[in-house]
Amino acid sequence: MGLLSVFLNTGEKKGMLSKEWAISLESRITTQLSIGFLNEESIVLGTASGKVYAINAQGKIKWQFAVVRTLSKEEQFFRENSSSAAIKSTPIVADIDNNGKGEVIFGSDEGILYALDCNGKIIWSFKAEGPILGSPYVFDVNNDGKPEILFGSTGGFFYILSSSGRLLSQFKSSSDIESQPIVIKDTPMQILQILFGTNDGTIYSIDSKCRKIWEFKTPNKITAQPAVGKLYGDEKDFIVIGSQDNKLYALTSGGELHWAYSSEGKIFSRAVLADFNKDKKMEIAFGSCDDKIHMLSARGKKMWDYETNFWVVAPPIAEDFDGDGDIEIAAGSYDNFLYILEAKGRYVIDYMPGIAGITSQPEHYTELVTSEPGNYNGSVLSKAKINGMILSQGVLNKDKSIVVASDLGGIYKLKYKLV
């Protein structure tokens, strides 16, 4: 007589994803999308044709900027299309000149970092050593009231530029850099730290003058951006980052290993930290090439996972999409589906037929109890299929709509609501 699994449907909710608009670009999309305010809320991304697009919330293309690649005669002979090259550095939107409008910053595979104004016109450019494949990051690291631009290149150099594109300092790492950096501003160490990963698996911490503070080595390439948060709801910051060795690492702000969680596939992108179950601690959601969306406790223990039919590469999104007070997770998969999941999962009780007296404890996550006769499972509230593998998704602030980008050049705006 086998075990049965029964969903406890107390307060179970259901939702629906509906398409509000869809547009198709003339080329494959090769970056994740960014959402920010230019002179209105906009979606920005790069394509295989060497163009960066800005699209408004109504699905209208505002402008496009083409990067022209300069090739030698030999390179031109072997390339049918020698005028452009794919953009792989995800553009970011940030107000770097404090004019109240966003600028677009991104890198090219010729090693040029571009800053465009809100209308897609070049403000300045900077030549780095080696192609720029990772996304830049904007932060005022020297407290001068003006933001700096932080980024790495596949030449192994990490750069800090002024808001006008002037080189302030640089750092030579042990390997190429494709990981987007992040900054810890306040830690028990009382110093600002800039964090990023490299292709030889090293995680670096450097200061605002590009001096190394510490490093931590993993066995494989890191393209994911680090995530930083106070996992236990106190004053201590932790760094959470995935590696292509299939593991998600949690480090202290001093660079010491706190825990490591093994998935069964490579982790390419940033984990999401939030208090999903309102226990005053942070939980961790991430996607993996084991085809799953994972949810971990602050201590790195599995709470639930949900298996799709292909890789989950883009960072998931945590948001209260339907306004019911609970956070949902939006995650796109290479199986062409966008999934909306209950962040807290759903408790499933296992019991032997004919044996009574087994009860569950819905929303009970304590790791001290190990004898519960069931587990939390990932629970899908809704899903929607699009044309192509989902590379990324984002949220429009105005109405919490979800924007999805596919590898085939499609951009979709979807709305989730309860039914």
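**Hairpins, buried residues and salt bridges in a predicted chain**

Gly50 adopts a positive phi near 85° in the hairpin of S4 and S5, where four residues lie between the strands. This is a predicted model, in which local features need pLDDT of at least 70 and side-chain atom pairs count only at pLDDT 80 or more, while totals for chains, interfaces and linings use all residues. Residues are numbered from 1 along each chain as its sequence is written, and side-chain values use heavy atoms, with hydrogens and water left out.

Strands here are DSSP runs of E with at least two residues, numbered from the N terminus. Two strands pair if DSSP finds at least two bridges between them. S4 and S5 run antiparallel and are joined by five bridges; within this pairing, Gly46 has Val52 of S5 as its bridge partner. On to the next strand: S5 and strand S6 (residues 61-66) also run antiparallel, with five bridges joining them. Tyr53 stands opposite Gln64 in S6. The hairpin of S5 and S6 has four residues between the strands, and Gly59 there takes a positive phi near 85°. Strand S5 (residues 51-56) is largely enclosed by the rest of the structure, because five of its six residues are buried. Buried means under 20% relative accessible area, exposed over 50%, and partly exposed in between (1.4 Å probe, protein chains only).

Glu41 belongs to strand S4 (residues 41-46). Glu41 is buried but has no salt bridge, and the nearest side chain of opposite charge, Lys398, is 7.5 Å away. For charge, Lys and Arg count as positive and Asp and Glu as negative, while His and the chain ends are not counted. A salt bridge is a side-chain nitrogen of Lys or Arg within 4 Å of a carboxyl oxygen of Asp or Glu. What does lie 2.7 Å from a polar atom of the side chain of Glu41? The backbone nitrogen of Asn397 does. Contact means heavy atoms within 4.5 Å. Leaving aside neighbours within four places in sequence, the contacts of Glu41 include Ile55, Asn56 and Ala57, as well as Val395, Leu396, Asn397 and Lys398.

Ser169 is found in strand S14 and is buried, with a relative accessible area of 15%. Beyond four places in sequence, Ser169 is in contact with Phe158, Tyr159, Ile160, Ser208, Lys209 and Cys210. Ile177 lies in the loop between strand S14 (167-172) and strand S15 (182-184). Ile177 counts as buried because its relative accessibility is 1%. Ile177 and Thr154 are 23 residues apart in sequence, yet their C-alpha atoms are 5.2 Å apart in space.

Most residues other than glycine have a negative phi. Lys278 has a phi near 60°, and Lys280 has a phi near 65°. Lys278 lies between strand S23 (272-274) and strand S24 (283-287), and Lys280 is found in the loop between S23 and S24 too. Lys278 is exposed at 56% relative accessible area, and Lys280 is exposed at 71%.

Salt bridges come to 13 in this model. In one of them, the side chains of Lys278 and Asp326 meet at 3.3 Å, N to O. This pair links distant parts of the chain, 48 residues apart, with Asp326 in the loop between strand S27 (317-319) and strand S28 (328-332). Asp326 is partly exposed, at 25% relative accessible area. Lys302 and Asp305 meet in a salt bridge of 3.1 Å, N to O; Asp305 counts as buried at 17% relative accessibility. Another salt bridge joins Lys400 and Glu319, whose closest N and O atoms are 3.6 Å apart. Lys400 lies in the loop between strand S33 (390-395) and strand S34 (402-406) and Glu319 in strand S27, so the pair ties together parts that are 81 residues apart in sequence. Lys400 is partly exposed at 29%, and Glu319 is partly exposed at 23%. Salt bridges that share partners also join Glu20, Asp399 and Lys413 into one network.

Last comes confidence. pLDDT is the predictor's confidence in each residue, from 0 to 100. The protein chain has a mean pLDDT of 88, and 86% of its residues reach 70 or more. Over residues 1-11 pLDDT stays under 50, and the model has 28 contacts beyond four places in sequence for them. Over residues 75-83 pLDDT stays under 50, with 11 such contacts. Where pLDDT is low, the predicted coordinates should not be read in detail.

Key:
A polar contact is a pair of N or O atoms within 3.5 Å; within protein, one must be able to donate a hydrogen and the other to accept it, and residues adjacent in sequence count only if both atoms are side-chain atoms.
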